[in-house]
Amino acid sequence: MSEAIVLGIESTCDETAAAIVRGRTLVSNVVASSMQEHARYGGVIPEIASRAHAEAFVPVVSKALADANMDLSDVDAIAVSAGPGLAGCLAVGVSGAKALAWAANKPIYGINHVIGHIAVTQLQFGDVPEDVLALIVSGGHTSLLHVNDIAKSIDVVGTTLDDAAGECFDKVARLLGFPYPGGPHIDRHGRLGNPNTLKVPQGLTQGRSGKEHPYDFSFSGVKTAVARWVEAREAQGLEIPVDDVCASLANSVAEVLSRKAMMGCEQYGSKTLMIGGGFSANSQLREHLLACGKEHGIEVRLPELKLCTDNGAMVAMLGVNLVEAGVRPSAPDFAIDSAMPLTTVSL
């Protein structure tokens, strides 16, 4: 059987993206971001993002096909993010993908955007081992997943009970006066600071709550503790050591994520941990995960930076998995699911 060729389309938030994957090879990858249009508001405005997707959809898909020297007749299937994400944004991408699939008479797969973040690691590391664990870290998700079969069976081991890691960083960044998105600013300043300057709480890691939620995450208290520390300094007229605050925050979050991920690997007997999501671009987290992996004998599969944030490659790669596994395509009238559960790989 020849390698499956899939066009992947992504529009869950503020990136309009399209890519073509052949087997395990990324043939083209195009991303248009509307992030700068949201910066003045300190976060993503769904209506602005939806309009940006509508404007960028045709140029982005056209360029992905042109870069691959293909047209729609050359692809075996189309995959599109159907959730989770912002409803208006999802609607633009799914509507456009359905139109392309109908016009070219191609099967279409409405896929889970989050599971795509796992699949994209295959472009670097090859096939997914059996019984592997995956840590998803992004602005809206912090989850530990057990991957039985990436095309058919995913179990949730742990998830965030409040703020996700990326969400926590954005809120602290706003407190420190950084523009949106705040994560890269905290990363840059954190590399210059002392991670032991302030004691940042590590939610659900100790005592009764830690025993009841060994693999769940909580970062809301982190944001509150940092805010109170900063406010106390300001009330005393003291300077805020921004680099040290960022370093302490990043170090604490990275420790929690790494520790719980390694515990999960130990329980499930997994020798491989796959990482996905925009927050996986954080340098402190990457260093912690690699160091912990080495200590515990776990192979940590970190995506290259360009594949951490939302992109079409991850959608196309998951689509290839679905085609190879013989999964039935989605019905032509499938609906978006802005709160799609992580146990659903495709609709």
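Contact here means heavy atoms within 4.5 Å. The legends below describe close-up views of a predicted model.

View 1. The residues of helix 2 that are buried are Ala49, Ser50, Ala52, His53, Ala56, Phe57, Val60, Val61, Ala64 and Leu65.

**View 2. The course of helix 2.** Helix 2 covers residues 46-67, and its 22 residues should span 32 Å at 1.5 Å a residue; the end C-alpha atoms lie 29 Å apart, which agrees. At Ala56 the helix bends by about 45°, and Pro59 follows within four residues. After helix 2 comes Asn69, with a positive phi near 55°.

View 3. The side chains of Arg51 and Glu47 form a salt bridge, with an N to O distance of 2.9 Å. Both residues belong to helix 2 and are four residues apart, about one turn of the helix. Arg51 has a relative accessible area of 54% and is therefore exposed, whereas Glu47, at 47%, is partly exposed.

**View 4. A salt bridge between Arg24 and Asp127.** The two side chains meet at 2.8 Å, N to O. This pair links distant parts of the chain, 103 residues apart: Arg24 sits in the loop between strand 2 and strand 3, and Asp127 in the loop between helix 5 (122-125) and strand 6 (132-137). Arg24 is partly exposed, with a relative accessible area of 23%.

**View 5. A network of salt bridges around Asp163.** Asp163, Glu167, Lys171 and Lys223 are joined in this network. Within it, Asp163 pairs with Lys171, their closest N and O atoms being 3.3 Å apart. Asp163 is buried, because its relative accessible area is 8%, and Lys171 is partly exposed at 27%. The count of salt bridges in the model comes to ten.

**View 6. Thr142 and its contacts.** Thr142 lies in strand 7 (residues 142-149). Thr142 has 0% relative accessibility, so this residue counts as buried. A polar atom of the Thr142 side chain lies 2.9 Å from the backbone nitrogen of Ala165. Beyond neighbours within four places in sequence, the contacts of Thr142 include Ile136, Val137, Gly158, Thr159, Phe217, Phe219 and Leu257.

View 7. An unreviewed UniProt entry places the feature "domain: Gcp-like" at residues 26-316. Over residues 26-316 the chain is 49% helix and 17% strand, and the end C-alpha atoms are 9 Å apart.

Technical notes
Residues numbered from 1 in each chain as written. Predicted model: local features only at pLDDT ≥ 70, side-chain atom pairs only at ≥ 80, totals over all residues. Heavy atoms only, no water. UniProt positions renumbered as here; feature names shortened; annotations may be inferred. Helix = DSSP H or I, 4+ residues; strand = E, 2+ residues; numbered from the N terminus. Expected span 1.5 Å × (residues − 1). Bend = angle between axes of the 7 residues up to and from the residue. Buried < 20%, exposed > 50% of the residue type's maximum accessible area, 1.4 Å probe, protein only. Polar contact = N/O pair within 3.5 Å; in protein donor to acceptor, adjacent residues only side chain to side chain. Salt bridge = Lys/Arg side-chain N within 4 Å of Asp/Glu carboxyl O.
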